[in-house]
Amino acid sequence: MDFAFTPEQKMFKEQVLRFARKELAPRAREFDLRGEFDVEGFRRLGAFGILGLHFPEALGGSGADVVTTVLAGETLGEAGVDGGLMLAYGAHSFLCADTILAHGTAAQREKYLPRLASGEWIGCMGLTEPGAGSDVAALATRAERRGAHYVINGSKMFITNGPVADVAVIYARTGPDPGHAGISAFIVEKGTPGFTAGKNLIKMGVRSSHTSELIFEDCAVPAENLLGQEGAGFLMALQTVEWDRSALLAPFVGGMSHVLQRCIAYARERRQFGRPIGEFPAIKHKLADIKIFIEAARALCYRIAWCKDQGRPLNHLEAAVAKLFVGDWSLGPANDALVLHGGYGYCHEYDVERTFRDGRLAPIGGGTSDIQKKIIARLI
Amino acid sequence: MDFDLGREEIVLQGKIKALAGGADTEGLTPPALKARVKAWLPELASLGYLALGLDSRGSGIPLLAAQEALATCAPGIFLAVETSTRLLGRLLARYGNEEARREFLPPLLEGRLLGGVVLPPRPRTPNDMPARPPEAEPLAHGVRLTGRWPLVINGPIADWLGLPARSPAGVAFYLVPDSAPGLIAEPAYAPLSRRGLMLCDIDLNGVEPPRGAAAGPFPDEDPLEELRAWEDDILIAGSLGIMQRCFDTAREQAKAPRGKRKPLIAHQEHGFKLAEMLTLLQTARLLAYRAAWTAASEPAEGGVLRHCAKVFCTESAEQVASGALQILGIEGYREGNPAQAGYWEAKVYQVAGTATEAARSQIGDAMLAKG
């Protein structure tokens, strides 16, 4: 066993930290307050190479391994980058672009990936539907083959990047069988007749990440926009779980590191009863509990990343454990951070309340905590 | 980065688990427990278990992997073995004088000698200081020890005890046989003794150790902090054992056929509880191994991570054991069931060594100092 990063990874982390603190973190508060998607910040992520970090160099990426990619995500969080921007990046790179990378034809990869890597195009993934959330297999959106096209009818819900995306990976039923079978994946471009995005949904947290319904009304996409084979869609969606349980979780963990730094600074400066509040055991214990969560959670994300780098099949049990722990066990430390700051913690100027709101998504998005428990119980 | 145990570590774990059997110690008297432990020691010695971590080789991951295996399959003897070997044995190996190492290490490592030890409390915890902390009065031919130590680990069962005493030069450890004139061992703490945790108070009424100081004197706290860290490492490993046993017991019960009725695990409330338990177990295990690796590879960072692991693993052990009790129902509450034993032990592990409140304070202090 060895938990060390390579010297190159450590150097890369420092670079990401410097970049994010200078170019992205100062924008976080404003874009969260306005609930506005930070297009410029997103482009900067692309220009720095984050969006396509794990893509092959020939397709606009850097060829980084999964551990390095997860490290980038954690570091962005640690730098104080807005949770909404990181969620947008995660959905773009790991749920949309990576699916094209993993399952696309050479032509599809060459057409979409360089522009997704640079951030010129924004990607999203449409799986969840109004009637099919935790019960993914109940998805009802249909795609019928008609000549040289597939015609898609249905709708998707809670789609991250939905209102701003240029490219969508959409899952629709092509076969007659219910359940997991008969689901296929398609690439749908913005502007395709019959494809519209709903208005941005105002959310409790990750407010700068725009989320909407996607509506398909006789939306005809070229047959060559089928991703992989017909009927292979569910497996493709499952494969995004590896990223979801590592690269998409890592910013939450990194974000808690950022919050911990804020708490330490506040505990040193804030004086009550004649001394810094950091001298009170109750405050020290809160700092400790935040630190303990961070250290406990980090290894779970990196374990999944490392296993993926080793080419091992996804361990669904370990993936569910990671999601469940980061989701459910982060709530206490996030609350501690807010309470430690007292009234100031409740104000928007202090990052802790934004992290508290953003983090509340962790037990819900990408598979609820109850679904993780269901998976674990089935696999025990 | 590598998340797999090495082949040697896995093989040793398997050999340790294969020794399991006859390690149930609940309800044993001190003499009976001593006999049980001493029967195990040579077997463990033959596997190389006792020598792990006594020098820098085998510290960190290999040691924790082996400790976890023993704590899982032989909880009743785990603390006794570890106290003798990893506390007293390592103290002698790292800091003992030549004579003490020559005389005591071979029988310790061969499993022929069972040791006990007490660690002095930290100076900044005055409430923990004993009423009469032992002092070493210099004599022409040695020292005379007078005072009283509470909480001597393995006190009721050890052949030799490593007892600290203060002299003008600092704290030194003296090796004293259990039969030394002037040494009075109070009865073992109950009900801890019935659970395999052998503690007692030791009165030293003019005890003259047969030899001089075995280790020390230590003019400052540094070596003693290291001993306390070793103690925490043992408790972290023990916690993993508690969790694994409780989880396995609960899972087995939950999956057991119940005739025409669905097994318990088919009911969501039980399945979900097992899921939460496994989540804590896997998370705690990773944190414990990372803490062990960091302590061995990056010692400067090891202290905080060790305290994080101590808090998380011992508190998770309580939660996992509690979950097991819920699933097992009244059966889990019966003496002899791993769930009730684990629930009981987990509380002890939280207060022993660096108590979780103290560990949290130390983590907080470290955060505030470092920023």
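Which residues have the most contacts inside the largest nonpolar core? They are L76(A) and Y49(B), in a core of 184 residues. Keep in mind that this is a predicted model.

**Nonpolar cores**

- In soluble globular proteins, nonpolar side chains tend to be buried together.
- The largest core here counts 184 residues, and helix 9 of chain A gives the most to this core, with 17 residues.
- Take a look at Y49(B): leaving aside neighbours within four places in sequence, Y49(B) is in contact with I16(B), L44(B), A66(B), Q67(B), L70(B), F78(B), V81(B), E82(B) and R86(B).

- Rolling a probe the size of a water molecule over the atoms shows where empty space is left.
- The largest pocket holds about 1600 Å³ of space. Its lining has 50 residues, and the closest to its centre are T128(A), I364(A), G365(A), G366(A) and G367(A).
- Several elements of chain A give two or more residues to that lining, among them helix 5 (83–103), strand 3 (149–160) and helix 14 (369–379). Helix 7 of chain A has the largest share, with six residues.
- Sorted by class, the lining of the largest pocket has 25 nonpolar, 14 polar and eleven charged residues.
- The second largest pocket comes in at about 1100 Å³. Of the 36 residues lining it, the closest to its centre are K291(A), E295(A), R298(A), R290(B) and E301(B).
- Elements from chain A and chain B both turn up in the lining of the second largest pocket: helix 9 (281–309) of chain A and helix 8 (299–328) of chain B are among those giving two or more residues.
- By class, the lining of the second largest pocket splits into 18 nonpolar, five polar and 13 charged residues.

**Cavities**

- How many cavities of 30 Å³ or more are there? The count comes to seven.
- The largest cavity has a volume of about 320 Å³. It is lined by 26 residues, and G83(A), M86(A), P251(A), F252(A) and D358(A) are the closest to its centre.
- Helix 5, helix 8, helix 11 (331–340) and helix 13 of chain A give two or more residues each to the lining of the largest cavity. That lining has 14 nonpolar, nine polar and three charged residues.
- The second largest cavity, at about 90 Å³, has P75(B), G76(B), W344(B) and Y349(B) among its lining residues.
- Helix 9 of chain B gives the most to the lining of the second largest cavity, with four residues. The lining divides into six nonpolar, two polar and two charged residues.

**Salt bridges**

- Side chains of opposite charge can pair when their charged atoms come close. Over all chains, the count here is 50 salt bridges.
- R360(B) and E315(B) meet in one of them, at 2.8 Å from N to O. This pair links distant parts of the chain, with R360(B) in helix 10 of chain B and E315(B) in helix 8 of chain B, 45 residues apart.
- Are these two partners buried or exposed? R360(B) counts as buried because its relative accessibility is 13%, whereas E315(B), at 22%, counts as partly exposed.
- E137(B) pairs with R144(B), and their closest N and O atoms are 3.4 Å apart. E137(B) is partly exposed at 39% relative accessibility, and R144(B) is partly exposed too, at 28%.
- R334(B) and E331(B) form another salt bridge, at 3.3 Å from N to O. E331(B) is partly exposed, with a relative accessible area of 37%.
- R29(A), D82(A), R262(A), D351(A) and R354(A) are linked in a network of salt bridges.

**Two residues to look up**

- Q340(B) sits in helix 9 (residues 338–351) of chain B. It is buried, since its relative accessible area is 10%.
- Not counting residues up to four places away in sequence, Q340(B) touches E26(B), R195(B), L325(B), G332(B), Y333(B), R334(B) and E335(B).
- S369(A) belongs to helix 14 of chain A and is buried, with a relative accessible area of 7%. Beyond its neighbours within four places in sequence, S369(A) is in contact with L324(A), D328(A) and P363(A).

Definitions and conventions:
Residues are numbered from 1 along each chain as its sequence is written. Chains are lettered from A and ligands numbered from 1 in the order in which they are written. This is a predicted model: local features need pLDDT of at least 70, side-chain atom pairs count only at pLDDT 80 or more; totals for chains, interfaces and linings use all residues. Side-chain values use heavy atoms; hydrogens and water are left out. On a 1 Å grid over the protein atoms alone, a cavity is a set of points where a 1.4 Å probe fits but cannot get out, and a pocket is an open set with protein on both sides within 12 Å along at least five of seven lines; lining residues have an atom within 4 Å of a point. Grid points are joined across faces, edges and corners, and a volume is the space filled by probe spheres set on the points. Ala, Val, Leu, Ile, Met, Phe, Trp, Tyr, Cys and Pro count as nonpolar, Asp, Glu, Lys and Arg as charged, and the others, Gly among them, as polar. Buried means under 20% relative accessible area, exposed over 50%, partly exposed in between (1.4 Å probe, protein chains only). Contact means heavy atoms within 4.5 Å. A salt bridge is a side-chain nitrogen of Lys or Arg within 4 Å of a carboxyl oxygen of Asp or Glu. A nonpolar core is a set of buried Ala, Val, Leu, Ile, Met, Phe, Trp, Tyr and Cys residues joined through side-chain atoms within 4.5 Å.
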